[in-house]
Amino acid sequence: MNATAAVAAAVVPAAGRGERLGPGAPKALRELGGVPLLVHAVRALIRSRAVGLVVVAAPADGVAEVVALLDGHGLEDKDIRVVAGGATRQESVRLGLAAIPAEVGIVLVHDAARPLVPVEVVDAVASAVRAGAEAVVPAVPLADTVKRVEPVPGGPEPVLDTPDRATLRAVQTPQGFRRETLAEVHAKALAEETAGGADALPPVTDDAGLVERFGGRVVVVPGHEEAFKVTRPLDLVLAEAVLARRRAADAY
């Protein structure tokens, strides 16, 4: 892998509304410590020397707004591109990937809703791809016992079994990929969707899941407890506490 190919580009899908945070602005534009989640997430990526370009997939009707937002938070001199995202996360990633120069060989995909991921996690993911992995996810062990259940909306749910917690991990982002691997699985997923076959397959909630679906190998590197996803109002409270601690320690 040559020097240009070894520098990663990152895609940040940020076109979703994040309804679980309640009504209002899209989730990526909600504020944490007076700064939008998206800005925190982009800053977290560009702090890594492994990342040379960040592509943000914004709401289709909000590209200019996101450009102005990033510029207004001191990111105008960074290599950041904003493109129109799609109706789904998968489509937004595919559109973001299309905006990355062909010579870039490593692509990271990061949730805008994980604003506090430490730079060492970003570095570890990129390094693992550079070392030869085709797909890499950061993850942390589970603290809680997990039950697999038979879903029953609104009622008691029968427990089917209790997986061995030692074999389970909670997956985070950024996830890292060889460029050709990520492009290939997204092309296959799009072909299935177009053919109408996707409805028969279980849903995939991350890009590593697409690699798994089409027979690729995914490996795990250590994540970090502060790389949690801001999905519900309580998550935002916890993120504010982490951010306040970092600022008090002059670490952010």
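Here is a walk through this predicted model, from its cores out to its surface and its charged pairs. Residues are numbered from 1 along each chain as its sequence is written, and side-chain values use heavy atoms, with hydrogens and water left out. Because the model is predicted, local features need pLDDT of at least 70 and side-chain atom pairs count only at pLDDT 80 or more, while totals for chains, interfaces and linings use all residues.

Let's start on the inside. The largest nonpolar core has 37 residues. A core here is a set of buried Ala, Val, Leu, Ile, Met, Phe, Trp, Tyr and Cys residues joined through side-chain atoms within 4.5 Å; buried means under 20% relative accessible area, exposed means over 50%, and partly exposed is in between (1.4 Å probe, protein chains only). Leu38, Val42, Val54, Val56, Leu70 and Leu108 are the members that touch the most others. At least two residues each come from strand S1 (8–13), helix H2 (37–46), strand S4 (51–58), helix H3 (63–72), strand S5 (80–84), strand S6 (106–109) and helix H5 (119–130). These helices (H or I, at least four residues) and strands (E, at least two) are DSSP runs, numbered from the N terminus. H5 gives the most to this core, with six residues.

For a closer look, pick Val42. Setting aside residues up to four places away in sequence, Val42 touches Val54, Val56, Leu70, Leu75 and Ile80, where contact means heavy atoms within 4.5 Å. There is also a second, separate core of 19 residues, and Val11, Val104, Ala135 and Phe177 are among them.

Next, a stop at Thr181 in helix H6 (residues 179–195). Is Thr181 buried or exposed? With a relative accessible area of 9%, Thr181 is buried. Leaving aside neighbours within four places in sequence, Thr181 is in contact with Glu134 and Val211.

The backbone has something to show as well. The peptide bond from Thr173 to Pro174 is cis, with omega near 10 degrees. Pro174 sits in the loop between strand S10 (169–171) and strand S11 (175–178).

Now for the charged pairs. Side chains of opposite charge can pair when their charged atoms come close. A salt bridge is counted when a side-chain nitrogen of Lys or Arg is within 4 Å of a carboxyl oxygen of Asp or Glu, and a search of the whole structure finds eight. One of them joins Asp207 and Arg89, with the closest N and O atoms 2.8 Å apart. Asp207 lies in helix H7 (residues 207–213) and Arg89 in helix H4 (residues 89–98), so this pair ties together parts that are 118 residues apart in sequence. Asp207 is buried at 2% relative accessibility, whereas Arg89 is partly exposed at 28%. Both belong to a network of salt bridges that links Arg89, Asp111, Arg114 and Asp207.

Another bridge is formed by Arg148 and Asp161, whose closest N and O atoms are 2.7 Å apart. Arg148 is in strand S8 (residues 148–149) and Asp161 in strand S9 (residues 159–161), 13 residues apart. Arg148 is partly exposed at 45%, and Asp161 is partly exposed at 30%. Glu226 and Arg246 also meet in a salt bridge (2.8 Å, N to O). Glu226 is buried, and so is Arg246.

Val237 is exposed, with a relative accessible area of 53%.
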